[in-house]
Amino acid sequence: MARFDAQYVVALHGPDAETHDAITQAPGSFEQTIKGMENLIGARQRVLVKVVLSRMNAGTVRAIVARIVGLGVPLVNIAFPHAIGEAGRQFDRVVPRYRDVAPELLATLRAYADEIDIGLE
């Protein structure tokens with residue numbers, strides 16, 4: 001029988017409920033997301049966390065990665081938003097500038113390079 005090898009990609013938008021739930025506009029979504037990751041990890045499933053940068057969370061990347069490391073997730077992908085749909089319509093309110101997030105990204109990479117595999121997209 002063939003073995004199905006899955007990896008679960010979970011979006012985390014903030015290090016806490018206040019930030020995550022504000023971005024998702026769904027109260028309680030942070031707790032649901034954390035619980036879902038804990039369940040996947042407990043079931044020994046492969047998990048990759050995707051963090052989509054926005055002006056609302058750009059200053060919290062290090063704290064988000066700290067939360068992910070604390071959960072025991074081995075992979076995180078930090079991505080800039082695609083400026084389509086609502087992000088495109090509200091570009092100046094949503095999409096951060098590279099120069100504004102570079103210091104936080106560099107600090108995060110330096111702080112966690114030995115603890116977690118961090119990808120940038």
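Author: A residue is called exposed when its relative accessible area is over 50% and buried when that area is under 20%; the structure discussed here is a predicted model.

Reader: What makes Tyr98 count as buried or exposed?

Author: The relative accessibility of Tyr98 is 61%, and the cut-off for exposed is over 50%, so Tyr98 counts as exposed.

Reader: How do you know whether Phe80 is buried or exposed?

Author: For Phe80 the relative accessibility is 15%, and buried requires a value under 20%, so Phe80 counts as buried.

Reader: Why is the pair formed by the rings of Phe80 and Tyr98 given the name it has?

Author: The centres of the two rings lie 4.1 Å apart, and since the limit for pairing is within 6.5 Å, Phe80 and Tyr98 form a pair. Their planes stand at 35 degrees, whereas stacked would need under 30 degrees and edge-to-face over 60, so the pair is called tilted. By this rule the count of aromatic pairs comes to one.

Reader: Which parts of the chain does the pair link?

Author: The pair joins distant parts of the chain, with Phe80 in the loop between S3 and helix H4 (85–89) and Tyr98 in helix H6, 18 residues apart.

Reader: How many bridges join S2 to S3, and where does the chain cross?

Author: S2 and S3 run parallel and are joined by five bridges, with Leu48 standing opposite Leu75 in S3. The chain crosses from S2 through H3 to S3, in a β-α-β crossover that is right-handed. On the other pairing, S1 and S2 are parallel over five bridges, and Val9 has Leu48 as its bridge partner in S2.

Reader: What is the order of the strands, and which are the edge strands?

Author: The open sheet has four strands in the order S1-S2-S3-S4, with parallel pairing. Strand S1 (7–11) and strand S4 (117–120) are the edge strands, as each of them pairs on one side only. From one strand to the next, the twist averages 25 degrees.

Reader: Which residues touch the most other members of the largest nonpolar core?

Author: This core has 25 residues, and those touching the most other members are Leu12, Met37, Val49, Ile68, Val76 and Ile78. Helix H3 (61–71) is among the elements that give two or more residues to the core, and its five residues form the largest share. Leu12 also illustrates the contacts well beyond its own stretch of sequence: leaving out residues up to four places away, Leu12 touches, among others, Met37, Val49 and Ile68.

Reader: How do you know whether Gln25 and Arg44 are buried or exposed?

Author: Gln25 has a relative accessible area of 67% and Arg44 one of 77%; the cut-off is over 50%, so both residues are exposed. Gln25 sits in the loop between helix H1 (17–24) and H2, and has a positive phi of about 60 degrees although it is not a glycine. Arg44 lies in the loop between H2 and S2, and its phi is positive, near 60 degrees, in a residue other than glycine.

How values were computed: Residues numbered from 1 in each chain as written. Predicted model: local features only at pLDDT ≥ 70, side-chain atom pairs only at ≥ 80, totals over all residues. Heavy atoms only, no water. Core = buried A, V, L, I, M, F, W, Y, C linked by side-chain atoms within 4.5 Å. Buried < 20%, exposed > 50% of the residue type's maximum accessible area, 1.4 Å probe, protein only. Contact = heavy atoms within 4.5 Å. Pairing = 2+ DSSP bridges. Axes fitted to C-alpha atoms, helices over the stretch in contact; angles between N-to-C directions. Right-handed = clockwise from strand over helix to strand, strands pointing away. Phe/Tyr/Trp six-rings, centres within 6.5 Å; stacked < 30°, edge-to-face > 60°.
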